[in-house]
Amino acid sequence: MPSVAVIGSQWGDEGKGKITDYLAEAADVVVRYQGGNNAGHTVMVGDQIFKLHLIPSGAIHPNKDCVIGNGVVVDPLVLVDEIDGLAARGIERLRLHISERAHVILSYHKLQDELEESQRGADKIGTTGRGIGPAYTDKVARCGIRMVDLVEPKLFRQRLAAVLPAKNRLLRSLYGHPGIEMDEILETYGPVGQRLREYVKDTSEFVTAALKAGRRVLFEGAQGTMLDVDHGTYPYVTSSNPTAGGIAAGAGVSPRAIDRILGVAKAYTTRVGTGPFPTELHDAIGDRIRERGKEYGTTTGRPRRCGWFDAVVVRYAARVNGLTDLALMSVDTLGGFDEVKVCVAYNYRGQRLESFPARQDVLEECEPIYESFAGWPEDLSAVRDWDGLPAEAKAYVEGIERAVGVPVAAVSIGRAREATILRRPLF
Ligand code: IMO
Ligand code: MG
């Protein structure tokens with residue numbers, strides 16, 4: 001059962017799309033198991049850039065089975081657009097499999113996301129506004145609508161009739177919104193349900209059979225460990241479990257089905273949205289990382305907050321995910337600095353913290369304790385293997401390996417597939 005999980009080890013945007021695409025070459029099946037179109041996974045092939053939100057990043061390779069598991073929340077309008085967008089660029093006949101148990105994001109979830117954020121005022125989370133939180137809330141509150149309902153007109157109407165009155169009461173009484181007409185939802189979503197019908201099935205059965213047959217399966221996480229609803233910087237998190245523990249529940253496979261767990265981390269740290277970020281830089285260094293790394297959101301276009309690599313965060317990710325390997329991304333972005341730093345622990349009121357604290361007030365007072373490394377030249381574009389890297393860059397990667405305690409299996413030095421150095425095989 002050769003299977004590899006690709007997991008975000010920071011606050012998302014680590015380069016999971018690039019690594020998934022890279023590994024997908026050798027894989028047969030690529031599975032998304034949580035999140036929705038809050039994800040923005042960028043894949044660069046030649047001079048073409050693909051930005052995927054829902055469809056697994058394996059789709060760019062021909063003949064890969066792409067699975068959207070039950071743990072994903074699916075905006076069917078976005079999914080149809082994504083299918084059409086890929087087709088327009090020559091990627092047709094997708095082998096797409098959508099779980100019949102996946103929950104659907106409808107117009108009222110997006111509306112609710114916006115309204116809830118506006119009411120949070122200064123405490124806002126900075127969500128992507130895609131209706132993710134409200135759709136997961138409805139799933140847990142047992143008033144969600146699943147793909148299996150969406151594609152069956154009679155069931156869709158019945159489920160809507162059961163849940164819409166309460167939703168409208170909430171919209172009216174809490175937000176003074178006039179509410180949403182059932183016919184409007186049926187007209188918008190009925191036809192897309194029919195278009196997606198052919199892809200909807202029991203994906204747990206499909207993935208389990210693939211694993212049994214010895215096919216290579218890649219689980220593609222969205223978001224990251226620090227955005228996990230259980231393990232992240234709550235409440236500034238997303239509403240799902242991006243951590244490895246989410247795979248079994250979100251794909252309908254055994255927890256024993258995963259062989260390797262690859263944590264993806266940038267050579268520095270970024271975060272979009274609000275919430276604690278101990279190594280954030282509010283200076284010219286942070287600006288330089290943002291500009292060189294093109295650190296602007298794939299999904300919302302927002303500038304990302306930037307800071308030094310935080311080994312406390314990634315060590316924590318290594319623990320809660322059981323990481324077997326690390327992929328260190330965007331090492332090229334740090335080129336041209338005289339000195340680069342890695343946070344190895346926090347100083348909290350004179351006390352050295354090695355582990356990531358749960359309390360926000362403690363986090364806010366934590367000062368990073370840095371280990372310093374010599375910088376390396378700006379341009380790594382000619383480098384294609386480990387031996388070709390400048391000695392200083394190698395020392396930096398090895399320093400991170402030591403501080404996190406997990407071997408760095410892959411190093412990325414650019415957006416292209418070729419700009420990936422594999423130090424140990426993953427499949
Ligand atoms: P990928 O897969 C970075 C952040 C949002 C916000 C919080 C909650 O590209 O790494 P949500 O819309 O999920 O309710 O927002 O989570 N967030 C991400 N940040 N990358 C992502 O995905 C994200 N998905 C959600 O900015 O702070
Ligand atoms: Mg993103």
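**The ligand and the sheet**

Guide: Let us begin with one contact: an oxygen atom of ligand 1 is 2.9 Å from an N or O atom in the side chain of Asn38, where a polar contact means a pair of N or O atoms within 3.5 Å. This is a predicted model, in which local features need pLDDT of at least 70 and side-chain atom pairs count only at pLDDT 80 or more, while totals for chains, interfaces and linings use all residues. Residues are numbered from 1 along each chain as its sequence is written, chains are lettered from A and ligands numbered from 1 in the order in which they are written, and side-chain values use heavy atoms, with hydrogens and water left out.

Visitor: Which backbone atoms come up to an oxygen atom of ligand 1?

Guide: A polar backbone atom of Asp13 is 2.7 Å from an oxygen atom of ligand 1, and a backbone N or O atom of Val272 lies 3.3 Å from an oxygen atom of this ligand.

Visitor: And how much of ligand 1 does the protein bury?

Guide: Taken alone, ligand 1 exposes 560 Å², and the protein buries 97% of that, with areas from the Shrake-Rupley method and a 1.4 Å probe.

Visitor: What kinds of residues make up the shell around ligand 1?

Guide: The shell divides into 7 nonpolar, 10 polar and 3 charged residues, with Gly counted among the polar ones.

Visitor: Switching topic, in what order do the strands of the open sheet run?

Guide: The 10 strands follow the order β9-β7-β5-β2-β10-β1-β11-β15-β19-β20, with mixed pairing; strands are DSSP runs of E, at least two residues long, numbered from the N terminus, and two of them pair if DSSP finds at least two bridges between them. β9 (200-201) and β20 (420-422) stand at the edges with a single partner strand each, so one side of each has no neighbour in the sheet.

Visitor: How do β1 and β10 run, and how many bridges join them?

Guide: They run parallel, and 4 bridges join β1 (residues 3-8) to β10 (residues 217-220); Val6, for instance, has Glu220 in β10 as its bridge partner.

Visitor: Where is the cis peptide bond?

Guide: That bond joins Tyr234 and Pro235, with omega about 5 degrees.

Definitions and conventions: A polar contact is a pair of N or O atoms within 3.5 Å; within protein, one must be able to donate a hydrogen and the other to accept it, and residues adjacent in sequence count only if both atoms are side-chain atoms.
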